[in-house]
Amino acid sequence: MDINALFTDEGLRAFTATVRDQHVRDAQQYGQIADIVRRRLEQTPIEGDRWMSKKLRAWKVSRQLKAMQKASGEAASKAEALYATYVNEVLELPQRRAAAEARKLERKNGRQAAVGAAVAKSLDKTVTALGAPQEQAPGAVPQARPAEFVTPDNPWSQWPMAAGEQAPTRTINDYFAKGEQG
């Protein structure tokens, strides 16, 4: 047998098919022989036998042949498993790796596109929220807000205070308008 032939798809398929067929034939023969031996021993008395001795002896002997039949059947299954494992682990591995790499690259590109879209949306919201003047070039850094947004006088002086009360301390919210008032 050419050992290099085992490392090709056709060579390994032929080898495993031959081995499988041989084990299947052996398993059939072991089963037939086990039945013949059991029947013959059940009918052959030995001096000093009791009423179930023949059947028990026949079962013990044929049990070994049945174990051989089972082992040959498992060997035939293992021959098929050998071929399937070889195809899965050796022959199809490059295609599976290429497909996995393509999926990985696709996910990476999708994540990069999503991040880019999120950054663009965030920048758009920031520029819109800051209310960039029309004469300003797009993408330029907006200037500080004009001075008309600052409230110079104390809003608490608008209402009279009760006797003995002090005006609350000022916070940063007292100096900046709460939004567009119109």
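Me: What counts as a salt bridge here?

Reply: A salt bridge is a side-chain nitrogen of Lys or Arg within 4 Å of a carboxyl oxygen of Asp or Glu. The general idea is that side chains of opposite charge can pair when their charged atoms come close. A word on the source: this is a predicted model, where local features need pLDDT of at least 70 and side-chain atom pairs count only at pLDDT 80 or more, while totals for chains, interfaces and linings use all residues. Residues are numbered from 1 along each chain as its sequence is written, and side-chain values use heavy atoms, with hydrogens and water left out.

Me: How many salt bridges does that rule give?

Reply: The count is eight. Take Arg39 and Glu42, whose side chains meet at 3.8 Å, N to O.

Me: Where do Arg39 and Glu42 sit in helix α1?

Reply: They're three residues apart in that helix, so about one helical turn separates them. Helices here are DSSP runs (H or I, at least four residues), numbered from the N terminus.

Me: Which pair links distant parts of the chain?

Reply: That's Arg13 and Glu80, bridged at 2.7 Å, N to O. Arg13 is in helix α1 (residues 9–43) and Glu80 in helix α2 (residues 53–91), 67 residues apart.

Me: Is Arg13 buried, exposed or partly exposed, and what is its relative accessible area?

Reply: Partly exposed, at 25%; that label lies between buried (under 20% relative accessible area) and exposed (over 50%), using a 1.4 Å probe and protein chains only. Glu80 is partly exposed too, at 27%.

Me: What does Asp49 pair with?

Reply: Arg57, with the closest N and O atoms 2.6 Å apart. Elsewhere, salt bridges that share partners join Asp35, Arg38, Arg39, Glu42 and Lys66 into one network.

Methods
Helices (H or I, at least four residues) and strands (E, at least two) are DSSP runs, numbered from the N terminus.
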